[in-house]
Each structure stands twice: as structure tokens, then as C-alpha cells.
Amino acid sequence: MSVAEKVLDQYSSRVYKNRKTHIVEINNNENENQIAANVRTIPGIMTQRGCCYAGCKGVVLGPIKDALQIVHGPIGCSYYAWGTRRHKGKNAEGVDNYLQYSFSTDMQEPDVVFGGEKKLKKAIDEAMELFHPSTIMICSTCPVGLIGDDIHAVAKWAEEKHNIKCIAFSCEGYKGVSQSAGHHIANNQLMKFIIGEGDRKIESKFSVNILGEYNIGGDGWETERILKRIGYEVVSVFTGDSSIEDLKNAHQANLSLVQCHRSINYIAEMIETKYGVPWMKVNFIGVKGTIETLRNIAKYFDNEELTKRTEEVIADELEKIIDDIEYYKTKLKGKTAALYVGGSRSHHYQTLLHDFGVSTVLAGYEFAHRDEYEGREILPFVKEDADSKNIESISVEPDPEKYHLYLQKEVLEKLRDEKLLSYYGGMAKEMEAGTYMVDDLNHFETEEFLKLLKPDIFFSGIKDKFVAQKSGILSRQLHSYDYSGPYSGFRGAVNFARDITMGIYTPAWSFIKAPWKTAPILTGTLGGEQAC
Amino acid sequence: MLDYTKKESYDRTALRVNPAKTCQPVGAMYAALGVHECLPHSHGSQGCCAFHRMFLTRHFKDPAMASSSSFTEGASVFGGGSNLKTAAKNIFDIYNPRIIAVHTTCLSETIGDDLNSFIQDIDIPEGKFMVHTNTPSYKGSHITGFSNMVDGFIKYLSVSTGKKNGKVTLIPGFTNPGDMREMKRLASTMGVSYTMLPDTSGVMDSPMTGKFEMYPKGGTTVEEIIELGDSNLTLALGKFASELGAQTLKKKCGVPCKTLGLPIGIEKTDEYIMELQAYSQQEVPYELEEERGQLVDVLIDIHPYTYNKKVAIFGDPDTVLGMTQFVLEMGMIPKYIVTGTPGDDFEKEAAELFTKFGVDGCIARAAGDLYQLHQWIKQEGVDLLIGGTHGKHIARAEDIPFVRAGFPIIDRYIHSYMPLVGYKGAMRLAELITNAIMDRQDRDCKEEDFEMVM
């Protein structure tokens, strides 16, 4: 019986039938690694998934530092998104920074009974008087949709009354089946109301957007540092340490770099359609990943000087870290890992682990879609189901004035054919035969797979961490990086290796068993017989 | 740090900024984790459950298990009955708890799901239990949710057989496992047999054994909850978190009850001991007299560092009131005390404390937030800030020594193992306070004033 069968076998037939389609043994199956993903969670299964609100406000909007984000709902949703995701933001001249604040309408029973629009308007008035923001965002939570508060009308009202930008996001927690719906909702509104409005002067033709980079633990800064060293101009980052003004100018770049495909591919595609800016899937996680990415970008811009500079920077950065990399390789080589993260890192971190000789035995996503597992080529075959149908899908047309192409159409086509542009191959292709890919891994499966596969490290989130560690397996968080980081780029690779090395070699692991559990209780004889 | 917080007072009625509370269900989840072999279940969309598990895990650095009904948009419109039914089946099948404790969210409350009838229709396996409470997030706070869940257990399970069992029911309030252990130790030392509900010791502070236990050793057992109906007395520790359950047990099973403050500081611990003594009719053992005497000794020793120091305290109402009284006992001035949890009793009881200890110009606010507290501090500063992690920005912005005490503390370790209650807890709190003040003196004083002995 395969490991997957041993796990599945313990389910009732109904659950078995469902979960079977979410567990794939790589290349050992008849349907080409096809997986079920982005479908509703089984009630009571103990999923690690969050909600639409978390995907919208927590993930995509949260890092935008100068938009004052009011969560319209009871207090919890706003409270839990307060400082808990480590999207870092620096204070900058002339740009507000509200990252240390949590704003809510703190809905009470009368607001649910009589509607909360009045309180929301009052909250906006108060926010204006106390904070004078240039942009306000309103994020709705579960009850808002149910009681019928029209937050979009309130946003319009606020724009007129206060002469600001005000955008509403209908990201009620019950929409879709996971955080993923929230990404889509955030993408739509940013596309409709922000992107394309800027007219900042772009200095360099080597201008890029970094999409789907939330600057957790400073990841975005490390990525930017490398790009700037080579000579790129970073127009916008979606949305780590970003300002509204940055985002407004995204359409002016000549290339979009997509780090997290799941959360931002909507915007990447729409910017391309509307403004002619192509997108490239990149991976700044891992040394080899970063090098390959930098070379791919250089290939797109196709400039001799830039290509030369790219190689110089790669060589220089490598030289600075090579001793550390070699050292940590001696500590980590041969170890195994299981990864269970949101919608992107489970793939990217395999590259980084590989740099240190760590192999992956299982990887899964909470809320990725089939394209993150199987690659974008399966997109035409993905069926929308009833649970996600109500998530608005918007379409855009080429902008008559702002549409621009950096490369000739034919060259672009060629790069597309080479899968350098507009393509993401997904996770499955890079996993070894016989390893496991699991979608929406629940608590039961986590415990069972860990027992059967016995990885040295389990990379997951806070809810899993102590479960794994109690059973004696090191667990490092790949959402919060256990308050460390950055993990991206060249320097990040060293930080990452340092962190897992100290985890594996922590002396306390050797004390789990008390000495009296193995030592004889008494020496001598007991009742005439030898004790123990 | 917090650059936009204005000094000038401003009367907000709609915008909540940097809350000093969170919502009901997490309190219910915590209470349910204090029942042995219980799986808390969140009847709503799954984001709440994820957030609440995260909150508890970050505070305790331990697993916090719970399941969710995982509402979709369809269920939100047509009701979550079938979600709960499916969930119950899966939970009993896969996770095999003895009892499922269901709480609700603003979603299932707004749509009006009738949990009573849902649960009646569910096929619960022999010997297993399923209870529920309603925890609408738009009312009260996490403390209300805790109180409601305790109430739910009693409503569903406790019965009176008509024969008293000689035990005291202890409802320990929204406190750490370290506190619950200390309250139990004091009761044992007083020779009182008791049942504590809920009891997260052994659950949220479980040891490392190399084996993950879905249902750790700790927690009140279902049988113990059933037998609460036969107890002779209930002591509800903390009015906000514990009184409701005690009153329900009185109404349902005729168990008399007394509400006390959380036993933080000297007098509140004295009251707890005296109540235990009144019940046991036994001498207070020397052991406790010695502890109390040590605490008083310490307070006299440290008074030069604490006397007349101004303190701001925020957090949950029962805890804040307890700590307020203790700092007053230390000769400090609780300049501002804030809870996010609504309720008139908080301000009333605080005012009584101010009068009793003869301090002027102190402000107490229920349903307040940290933005407002920060404004007050800007208007007139304090020497010390006491509260959970969310105060660290104010402490840094205003350069105030900061003692972490209460919920949640997500940026420090070990705290949840250590009590704040009892004489021992008071001594620990006194140490934390004095160390914070003295560390600051060491950091800030002129080099020539740097003292070897303090």
C-alpha cells in the first residue's frame, strides 16, 4: 500500500472519494499529475485555510502603507490582521504609513440590525479628521454582505465629500473557498481604480514591476537591492512596502516580474492586455532560482551592457556568500523536508532547499489552483464550480494612449513560445517521482504523512508548527519565517540555511526523553528477582 | 512609531483604532480547550477558526486545535445546518473527541442558524457529546465568548442528583494555565476539593514528550462537568468571565455561588483564601501565611522604586481590575486603566478602588482602545505601562518601561506558565514591575549615578 493509500484508507468512503483527488503521487498515476484544487473545504476536516477577507485585506491590501484601511465588521477581523503578517514598510518622505494601526467600525448589534452604513460613514469622517489620508480602503467582513450594507456607495460618497480616493472591497469571508477569492477581489479593484493613473517620470528603459511580493521579513527589499545593483528601475512592488503612488504607475514599466503567481496573476494579465506590459514568472527564492531569474530578465531586455552587468552582479554576490553556502551544505545535505504553505512558497522553497542538498518528500498548497500545481497549460481545462462562480471576473481592453510595447510583437511571440513570458510551469514538474503533492492538507493528513514520510523538517504555518514539534520534528514557518528573514535572493538564502541549521542542531531535541525512562529504576534485587 | 496619534482629545463614536479586545469566538475556543478530549468547533466561515487558532497558538506557543463548519456563500444564504451535520460526522470519525463544543461567529448569528435544533438532529455516537453556545462577535468581546462557552457546558451537561459531593466549583476566568494551576494549588493547600471549569492547564502548557497528543492530559472531564450540579458552592473568579456560568449553575442545579475578583495582589488573594476557609472551616496552613508574609516583605523592600509611580494598565476587565488593585497596594497610581470589553461594572469598580486607596485624577474606561490610551499618555505621561503585546508600540513611542501581563502576549515566551494570581503571582508581578523600573534607571541615569547596589 502506498503512503497515500495508507492515509486515505482511514477515511469514510465519502471523505475518501473527495480527498483522493487532492493527493497525487508524482508521476506514479494515470492522469498526468492532475489534482483537484480550489474547491470547497470539507466541514470539520480541520483545514488550515483562511477566508476571502484574509486574502484581500490581509494579503494584497495590507502591505500598502499609505492607504488607511477600515475593516467594516465586528472587531475580530481587524484585530487579527493587525501586525500579524510581516509585510514590512519603511517610513518615506511624503508618504503616510499606517502599518502600525488597526482600523475598524467595530460593528455592534444595532449595526447588524439597522445597517452599518451610517457608522461606516462616521468612521470615515473621523479617520479624515484624525489622519488626513489621501486614500481610504473599506474591507467588508461576513455580516456586511448579509445585511446588505452598500460599501461601494459609501466609498463614492466619501470620495465626493472628502475629495480623496476611496475604494471598497466586497471581500466577505464566506466568498469563494479560501483566501484565493480575496486575492482576485483585491486585484480587480486595484486594476479598476488605481493602476494606470500615475504619470511619474520613468528614468530607465530597464523598468520593472515586482508583482506578488509582499516584503515579508524584508524579502522585497533584498530583491529590489539586487535588481537595482544590476541597473533596473523598480516602478512598483505589488504590494510590499508600496504606496498608492507606486501602484498607480505600474503601467509604465516595461516588464512585470511575477513572484507569487496565485495572488497577482490577474493583475499581471490585465496590465499586459491593457498597457502592453508583458509578465514573466520569476523566483527570487534560492541561489539557483535567483540566478536563473536574473538571466531570464536580462534575456528579455536583450541589452549587451545589461547582460554583462547581470553576470558581474551574480558573480560578486555569489562570491560573498559562497563560504556560508558551502558550510551550511555540510550541515544540511541529505535531509528531507515537507512543505505546506499557501499558494506559492511550497514550490519556490523547494528550489532553495535543493541549493543545500535538502530533498522534498511532500509539498502542498492551502489554496492554489490547478495551474500552480500543473502549470498554466491546464487553464483551458479548469472548470469553474458553484462556490467560486460569484467572484467577479473583469476584462480590460487595450488603452489607446497608454498601451506600449518594449519589444517587437514577433520577438514577444518568440519569448512566449520559449515559455519565458506569460507562463508558469507549476510545481509538479519540478518534483521527483514518488514524492507527494497534497492540496488543502488537513490536520489528520499532516499527522499521518509526517509519521509515514518522517521528514527532518516540516515547513508550514503557525497552526501546524507546534503540532510537528511536539512530535519531535523541526518545524519552521514559511509564512512568517519565524520572525526572521529576509529569505529571498542571495543574502536570504544564507539566512534561511542558518535558521534551519540552528533548528536541527538545537541541543534541546536530545533531552526529550527523561533519563529515568531508560535507566533502571532500582539496582539490586526486588523481591528476590532482578529488577528491570 | 505611531506617528499619527494626536495628543488632543477627540471624541470618536464610530472609528475603532487599535482595539483592546477581540471578538467572542476565540474566548469560547479557549474555554472549550479547557475541557478534556474536547474539540472546539467554529460554526461559521473558516477564516475565523484559522484566526482564533492562530491567536491562541501565538500566545501559548502550543497547538490550539479546533474545527470549522467552513461556510460557503451558499450556506451563508440558505443556512449552515448541513455544514454542521457533515462536520460533526467527520469530526467524530476522524478526530474522535469525547465532546464537540460548538460556538458561532457573526456569520451564523446574522443568518440566524438555530444551533439547538441542528444539534438535536445530529446523530451523536454513543457516549459522545455535542454542546453549543452562541457567540455573536458583534456583542461584547472575547471575554463574553469565554463566559458564554462556560455557560454552554453547564447548560448542556451539569445535573443535580440531589446529593451533594462536597466539592467547590471553581471558574477561573480568562486566565493562563499557570494561573489555573496556582488557583488549584491554593484550593488544595486549603484542603478544599474542587472541580475547575474550564481548566487549560495540561492542555495549553503541555510538556514535550516527542509525541503530539490531539487531546492532552489536562482539561475538565465531561463527568466532572456533569457532576458540577452536585457541588456545594461555586466560586466565580472574575465577574466578567465567570459570573454567568456560576449563575446558570445556581439556576439549573441550585448550587450557591459567590463572585470574587481574580485573586491578583494581596487583598484579592486574601478574599479567595478566606472564601476557601469559610467553606473548609479549617485553619489556613502556615505555608500560605509564609507566602503572604514574603510578599508583604517584598513590597516593603521595593517601595522606594514603586511608590507614587504612575501606571497605565490595559487588557481584559477582570485582569485589569486585579492588577489595578495590586499596583495600588504597591503604592503606585493607576493613572489610566482601559479595557476594550464593554460593561459599566468596570468603570464603577475602578472608581471604587480609586476612592478606597485615595488616589485622584485616575481614569478608567470600558470599551476603550489603545489609540485613546496613547492620547492620554501624551497629555500626561506615566512611568510604566502594563498590558499585552499590543502595547509595545506605545511603550516604544513614548519610551515607557513596559510589563507584559494579560492576553495576548505574542512576542515573549514562558509567560503563560507563570501565574499572576495568588501571593506567588503577585510576587512575580512585583518582580516584573520593579525590574522594568530599575532597568530603566540603569539605562538612563548619568554614568556617575550608576549604582552597584540598588
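**Exercise 1.** How many nonpolar, polar and charged residues does the lining of the largest pocket have?

*Solution.* The model is a predicted one. Begin with the extent of the pocket: its volume is about 1,200 Å³. Next, identify the lining, which comprises 40 residues. Those nearest the centre of the pocket are Gly83(A), Thr84(A), Arg85(A), Arg86(A) and His393(B). Sorted by class, the lining has 15 nonpolar, 14 polar and 11 charged residues.

**Exercise 2.** Determine which elements give two or more residues to the lining of the largest pocket, and which gives the most.

*Solution.* From chain A, helix 3 (52–61) and strand 2 (67–72) qualify, and from chain B, helix 16 (392–397) does. Strand 2 of chain A gives the most, with four residues.

**Exercise 3.** Describe the interface of chain B and chain A by its residues, its buried area and its polar pairs.

*Solution.* Second, consider the area. The accessible area lost when parts come together is often used to give the size of an interface. Here about 6,800 Å² is buried, with carbon and sulfur atoms giving 63%. Third, examine the charged pairs: four salt bridges cross the interface. In a salt bridge, the side chain of Lys470(A) meets that of Asp62(B) at 2.8 Å, N to O. Finally, turn to the side of chain B that touches chain A: helix 2 of chain B gives the most, with 10 residues. By class, that side has 35 nonpolar, 26 polar and 14 charged residues.

Conventions
Residues numbered from 1 in each chain as written. Chains lettered and ligands numbered in written order. Predicted model: local features only at pLDDT ≥ 70, side-chain atom pairs only at ≥ 80, totals over all residues. Heavy atoms only, no water. 1 Å grid on protein atoms, 1.4 Å probe; cavity = no way out; pocket = protein on both sides within 12 Å on 5 of 7 lines; lining within 4 Å. Points joined across faces, edges and corners; volume = space filled by probe spheres on them. Nonpolar A, V, L, I, M, F, W, Y, C, P; charged D, E, K, R; others polar. Contact = heavy atoms within 4.5 Å. Buried area = accessible area lost by both parts, 1.4 Å probe. Polar contact = N/O pair within 3.5 Å; in protein donor to acceptor, adjacent residues only side chain to side chain.
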